[in-house]
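Thank you for making the time this morning. I would like to walk through one model with you, so please have a look at it before I go on.

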Amino acid sequence: NLRRRWRKKMNDFKFIIMCGGTYDKWNGEIKHLVKVKGEPLVARTIRLLRECGIEDISISTNHPGFENMGVPILTHTNEYRLGVDQDYGNWLDAFYPITGPTCFMFGDVVFSKEAVQKIVETDVDDIMFFASAPPFADTYTRPWAEPFAYKVVDIPLFFESIEKAKIHEKEGRFYRKPVSWELWQEIKGIPLGEIDYTNYVTINDYTCDIDEPEDIAKIEAVM
């Protein structure tokens, strides 16, 4: 009975893999489709989710090219562009409008199987954030923490926090355009600009995002 209740709660969630935006360093290539050990990155995430028993999987994107991934495509306008010298648009617009419990998985992350399992199995009653945290694992390829996913049950709080972050950006209260960390500060009501590495679910193995083509080889070397 306990196992059945846990599985029902797990299966209440829709999983959306976020694959929008454009990134100048990739020279027009869609980085969510680059291959990691011969497998397209987003296809790898889909496979790992299915291995954990998840079937309600979608891709949110503003690009063509994801039709052969075997999951529904959620067309979502996201004008964010990460330029060489300046960001354009607002990264927080990347979150697709939702009506029920949803886990947003970041599409440019190389997840380990254990990381996906932890995200899938973590019970959430409101909102939970998943990211790396110091001290980092030996297999981790960055000297700083990176975000991986949001699991959302309290939908009003989530999108109200996004709007607050946009307002606070206009007021100049962030040192950069707000992204995952700034959104988590808004959700938790902690001082803006401060990061608490203890108030979210930490994943500390080789799981990490890719910002530049060179990052792929670094992660493949420790997988």
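I will take a helix, then a serine, then a threonine, and end with the cysteines.

Before that, a word on conventions: this is a predicted model, in which local features need pLDDT of at least 70 and side-chain atom pairs count only at pLDDT 80 or more, while totals for chains, interfaces and linings use all residues. Residues are numbered from 1 along each chain as its sequence is written, and side-chain values use heavy atoms, with hydrogens and water left out.

Eight of its nine residues are buried, so α5 is largely enclosed by the rest of the structure; buried here means under 20% relative accessible area, with exposed being over 50% and partly exposed in between, for a 1.4 Å probe and protein chains only. Among these buried residues are Trp-181 and Trp-184, and the elements that cover them include β9, β11 (127-131), β12 (147-152) and α4 (155-170). After α5 comes Gly-189, which has a positive phi, near 70°.

Between β11 and β12 there is a loop, and Ser-132 sits in it. Is Ser-132 buried or exposed? With a relative accessibility of 0%, Ser-132 is buried, and its contacts (heavy atoms within 4.5 Å), leaving aside neighbours within four places in sequence, include Trp-181, Tyr-200 and Asn-204. Its side chain also makes a polar contact with the side chain of Tyr-140, at 2.8 Å; such a contact is a pair of N or O atoms within 3.5 Å, where, within protein, one must be able to donate a hydrogen and the other to accept it, and residues adjacent in sequence count only if both atoms are side-chain atoms. A polar atom of the Ser-132 side chain lies 2.7 Å from the backbone nitrogen of Glu-146, and the C-alpha atoms of these two residues, 14 apart in sequence, are separated by 5.5 Å.

Turning to strand β9, residues 102-106, we find Thr-102, which is buried at 2% relative accessible area. A polar atom of its side chain lies 2.8 Å from the backbone oxygen of Gly-100, and, not counting residues up to four places away in sequence, Thr-102 touches residues including Phe-13, Ile-16 and Tyr-150.

Finally, Cys-19 is buried at 0%, and Cys-103 is likewise buried at 0%. Taking a disulfide as a pair of cysteine sulfur atoms within 2.5 Å, the count is zero.

Technical notes:
Helices (H or I, at least four residues) and strands (E, at least two) are DSSP runs, numbered from the N terminus.
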